[in-house]
Amino acid sequence: MSAALVLDAMRGDHDAFAALITAATARLYALACLILRDPDRAEDATQEAFVRAWREIPRLRDADRFDAWLRRLVVNACYDEARRVSRRAEVSLISIGDRSVGDTTAASAESDRIEQAFRVLPLDQRTVLVLQHYESLSHTEIAETLGIPVGTVKSRVRYGVAAMRAALDADDRSAATPAGRRSA
Amino acid sequence: MSEPRTDRDVERALTAWMDHVAPPRPPSRILERTFVQTMQARQLRRYPWNAGIPVGAGGRTELVSRATLVLVVVGVLLAVVAAVALVGGGQRPAVPLVTAPSPTPTAVVVPSPSATVAPSLPAAIPVPIETAIPVADAMTVVGDDQALWVMAPGRIDRIDPSTDTVTGSVPIGDPGDLYNGVAVNASGVWATNWTAQELVRVNATTLKVAARIPAGLAPKGVLANADGVWVADTHGGTVLPIDQTLNRAGTGIKVAEAANSGPNWFGSGEGSIWVGVPNNSTVARIDPGTNTVTAAVPATGDFVPCGGIAVDAGAVWITGCSAVMMAARIDPATNTMVATIDLHGYGSTPTVINGKPWLSVQGGEPGTGFLARIDPGTNTIDRVLVPDTTFGGGGDMLVAAGSAWVVDGGRVLRLPLAAFGAATG
């Protein structure tokens, strides 16, 4: 990210803005996909965030904070998108990480189990886990991104991981149970 | 698993899983559609004199203090320009200047940091600003002789043109939401909230929200006139007629497939309503009596029909927003796009004054904007006005109360209609 490009974009240079978001799109779209677990919604959220970024970039106070600011817009757009989905009861079952039926490798099975455990987490917990484990942000940076206290970040991470561990453990126990009794 | 799983195990697995399932590349349409929208959407400008000034309802005191600051800043800029001129320095302006043939032919020089000279633009004429009314984050303006309505994030401000003051402000929603269109008719002031997917109806007398009407997937443009109210549902691909009695949307008029970048902005005239549809590159013509599409006018060349529309006798003018910064002309007699005009910048919604379309053109940064008139005889820009040294351009215009009004950043400028010239310019 070039501070000069950001300053140009802040002054209304659309080419500079285009260069900035072109460079950031892959990472931010992936971020949205991981949070929302739906490629179509992620696409909408990313686009909405970019449009908002264009409108609001003149109000950015510190050009060096552009990356964090844009990330925050994308996360906020994901929240908006999730609320919209919830309001319309249109929760998509499409999964980015879904494996084909024939893919039965152990690694793939483990990936599916993580996917299932992650998907049922509340949005707040999914978001902090993605920011920590995909974006590699510190708890302080996550707190700044989300505009919440660091303590809240830590508790969301803790509860999220605990919930995933519980789900995976339950899955382990289920797998160890004889097939005839699994649905009993 | 032989040993109990720890939190650390889960976190390691999460990191590996996220790296594995994260999509390697985004769909290209994200950027394509973003650019279609951002080239049309205005930036929310914040000029130096906005900083440190509390944002209020725009009362008299604030108006005076802001106006004073504006004058100080303009004065300093002029002094700097004059000093540079005296020592033989300076840069060529983006728009060549001539002395204004106006009632106040003061030696106004419009500086520009740009070294680009657009050879086909006529010399710019300074136009005196009658009043600059601060309206924080002003996006667009509509109105008539009695009142102007300025939309800003989360609110609509009312300007009284008899006093040039903001006389009211109506909160219409979360300032963080994305607001797009605003229109006014005898039934009220209407604004679209893209985020909340609703059309907000404001009572122009009580200055209160009278209704919130669900308006499709992504409401953008809104048209309100004596015939009715219509909303462009951009993602739904339809134009929604609004029942003003029941405060609800009727059956959508399909103008495109449901997708991003569907119907955008409206114009009205020649017995029809017109709406630009970027994703199928047409301008849809709709009969307001039957709410049926009577024509889909295809765009020509690189023109993307995603800007504002004005309709005058025998011509429909629409602004584009592709990389090529153009306006286009449609012949309503044949429903064909007959000309495109290079604007030399991103243009606002056209406004017809004295039979000719005018646009506020964004030069790219503050101080490089200008007002341009298109000569319908030649389909070229034949007159250029520059209000002051900080004019950014690109904000919408209208004519009301004997003046021209234009939104420019956080202010609404009142300009003398005489400066916009007669037919010969």
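Chain A and chain B meet through 56 residues of chain A and 53 residues of chain B, a contact being heavy atoms within 4.5 Å. This is a predicted model, in which local features need pLDDT of at least 70 and side-chain atom pairs count only at pLDDT 80 or more, while totals for chains, interfaces and linings use all residues. Residues are numbered from 1 along each chain as its sequence is written, chains are lettered from A in the order in which they are written, and side-chain values use heavy atoms, with hydrogens and water left out.

The area buried between the two chains is about 4,700 Å², of which carbon and sulfur atoms give 57%; buried area is the accessible area (1.4 Å probe) that two parts lose on being put together, summed over both. On the side of chain A, Q47(A), R55(A) and H133(A) lose the most area to chain B, together 16% of what that side buries.

Four salt bridges are counted between chain A and chain B, each a side-chain nitrogen of Lys or Arg within 4 Å of a carboxyl oxygen of Asp or Glu. One of them joins the side chains of D169(A) and R5(B), at 2.8 Å from N to O. Several helices of chain A give two or more residues to the side that touches chain B, including α2 (14-36), α3 (39-56) and α8 (150-176); helices are DSSP runs (H or I, at least four residues), strands likewise (E, at least two), numbered from the N terminus. Chain A as a whole has eight helices and zero strands.

Of the 184 residues in chain A, 51% are buried, that is, under 20% relative accessible area with a 1.4 Å probe, protein chains only. The largest nonpolar core has 67 residues, such a core being a set of buried Ala, Val, Leu, Ile, Met, Phe, Trp, Tyr and Cys residues joined through side-chain atoms within 4.5 Å. Its largest share, 15 residues, comes from α2(A). Residues with the most contacts inside this core include F118(A), M164(A), L14(B) and M18(B). Leaving aside neighbours within four places in sequence, F118(A) is in contact with residues of both chains, among them L34(A), L129(A), M164(A), L14(B), W17(B) and M18(B).

On the chain B side, T34(B) lies in helix α2 (residues 28-38). T34(B) counts as buried because its relative accessibility is 0%. Not counting residues up to four places away in sequence, T34(B) touches I21(A), Q47(A), F50(A), V51(A) and R29(B). Q47(A) is also one of the residues of chain A that lose the most area to chain B.

Methods:
Buried means under 20% relative accessible area, exposed over 50%, partly exposed in between (1.4 Å probe, protein chains only).
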